[in-house]
Amino acid sequence: MPRSRRIPQTPAPSRPTTVFEKTPVGGLFPHEAEFASNGARVRYWTYTGRDSRDEDAVMLLVHGFRGDHHGLALIAEALASRWDVVVPDLPGFGKSEPLTTREHDVAAYADVVSDLVQLIGSRPVVLVGHSFGSVVAAAVAAQRPAPVAGLALINPICEPALESSARIPSLAAAAFYRVCAALPGRWGNALVRSSVVTRISSLLMMKTKDPELRRFINGQHDAYFGSFASRTVVLEAYRASIRDTVRDSAPRVAVPTLLVAAEKDDLGSIPGQESLAQTFPNARLEVIPDVGHLIHYETPRRAAAMIDGFADELELAQNGSSPTTRRPEAAR
């Protein structure tokens with residue numbers, strides 16, 4: 001039976017950190033590479049803080065709507081002391097090209113991520129998805145590719161946005177994207193990249209009262225929420241993000257699953273997350289208190305510690321222990 005427990009608060013670090021292309025974190029630069037999938041060049045980054053072995057497991061992280069790999073950099077950095085961590089930009093976002101023959105929806109993105117799983121080879125893979133990325137990661141796991149040994153979902157989308165407490169903002173966002181698509185090119189493109197709209201979205205999602213962390217989150221959204229190929233890509237992906245949920249794939253996911261939910265997540269109530277856990281054959285639900293939909297910014301190291309422990313439970317490391325003994329810190 002699925003299990004659920006609430007994670008107690010732990011001390012927060014004095015300052016958040018992040019990963020930029022020209023700024024190494026922990027003394028390392030993530031390695032950038034690309035592969036072709038569905039007619040698009042897809043960029044991905046590998047974070048590692050150790051000597052890798054061909055049999056070691058890989059963490060494959062999938063970002064959320066309007067994000068790119070930067071949004072998961074804090075979690076990737078924390079996990080990289082013990083695992084190789086691979087983070088792609090989904091097609092049409094960040095530095096990855098848009099798809100030319102398919103709509104930017106869950107099915108297409110799942111196929112792209114599945115191609116990356118196959119590129120990794122025979123090494124065990126733990127799929128990790130945040131928000132919309134949780135829907136994509138679950139869809140990949142439901143396809144049962146052989147290397148996938150586990151699934152970890154952060155802020156999983158457990159109910160359609162129009163059925164959640166964020167129904168009104170979701171309806172407003174849908175209307176906004178429709179207007180952006182209807183306006184002439186220059187005006188529509190300018191509106192969809194509006195810094196004002198980005199800031200409103202950022203403020204609505206944040207739950208932290210820490211002014212420094214709030215500035216950091218606003219800065220991340222300002223820097224990367226406009227990093228997409230076109231308004232068409234955004235509109236297609238947004239339609240999928242408010243329509244599809246993890247529930248669509250959960251019953252077909254055979255591998256062990258960890259759900260990392262937030263007590264104050266407007267896009268996924270705790271009853272909804274508990275119901276979602278019941279739909280998986282083998283799932284455990286962990287709830288982080290006093291945080292919302294931005295676990296990856298507000299409590300990334302705590303989430304990374306949960307994922308790290310989950311991977312250890314899967315016995316993916318050699319000889320019962322990982323190549324290094326240092327675990328990700330369980331603070332933020």
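Which residue does Arg284 form a salt bridge with? Some notes on that and on the rest of the model follow.

1. That partner is Glu286, with the closest N and O atoms 3.1 Å apart. A salt bridge here is a side-chain nitrogen of Lys or Arg within 4 Å of a carboxyl oxygen of Asp or Glu. Arg284 is buried at 12% relative accessible area, and Glu286 is buried too, at 2%. For the cut-offs, buried is under 20% relative accessible area, exposed is over 50%, and partly exposed is in between (1.4 Å probe, protein chains only).

2. Before you go further: this is a predicted model, where local features need pLDDT of at least 70, side-chain atom pairs count only at pLDDT 80 or more, and totals for chains, interfaces and linings use all residues. Residues are numbered from 1 along each chain as its sequence is written, and side-chain values use heavy atoms, with hydrogens and water left out.

3. The overall picture: the chain has 11 helices and nine strands. These are DSSP runs numbered from the N terminus (helices are H or I with at least four residues, strands are E with at least two). Of the 332 residues in the chain, 58% are buried. Residues 24 or more positions apart account for 78% of the contacts with a separation of 6 or more, a contact being heavy atoms within 4.5 Å.

4. A search of the whole structure turns up 16 salt bridges. One of them pairs Arg41 with Glu97, the closest N and O atoms being 2.9 Å apart. That pair links distant parts of the chain, 56 residues apart: Arg41 sits in strand S3 (residues 40-47), Glu97 in the loop between strand S5 (84-88) and helix H2 (106-120). Arg41 is partly exposed at 42% relative accessibility, as is Glu97 at 29%. Both also belong to a network, in which salt bridges that share partners join Glu32, Glu34, Arg41, Arg43, Lys95 and Glu97.

5. Another pair to look at is Asp290 with Lys264, where the closest N and O atoms are 3.7 Å apart.

6. Now helix H8 (residues 231-243). It has 13 residues and reaches 18 Å from its first C-alpha to its last, close to the 18 Å expected at 1.5 Å a residue; the expected span is 1.5 Å times one less than the number of residues. Because 10 of its 13 residues are buried, H8 is largely enclosed by the rest of the structure. The buried set includes Arg231 and Glu236, along with Val233, Leu235 and Tyr238.

7. Two backbone spots for your checklist. Most residues other than glycine have a negative phi. Asn38 has a positive phi, near 50°, and is found in the loop between strand S2 (31-37) and S3; it is partly exposed at 23%. Asn155 also has a positive phi, about 50°, and lies in the loop between strand S7 (148-154) and helix H4 (167-182). Asn155 is buried, with a relative accessible area of 0%.
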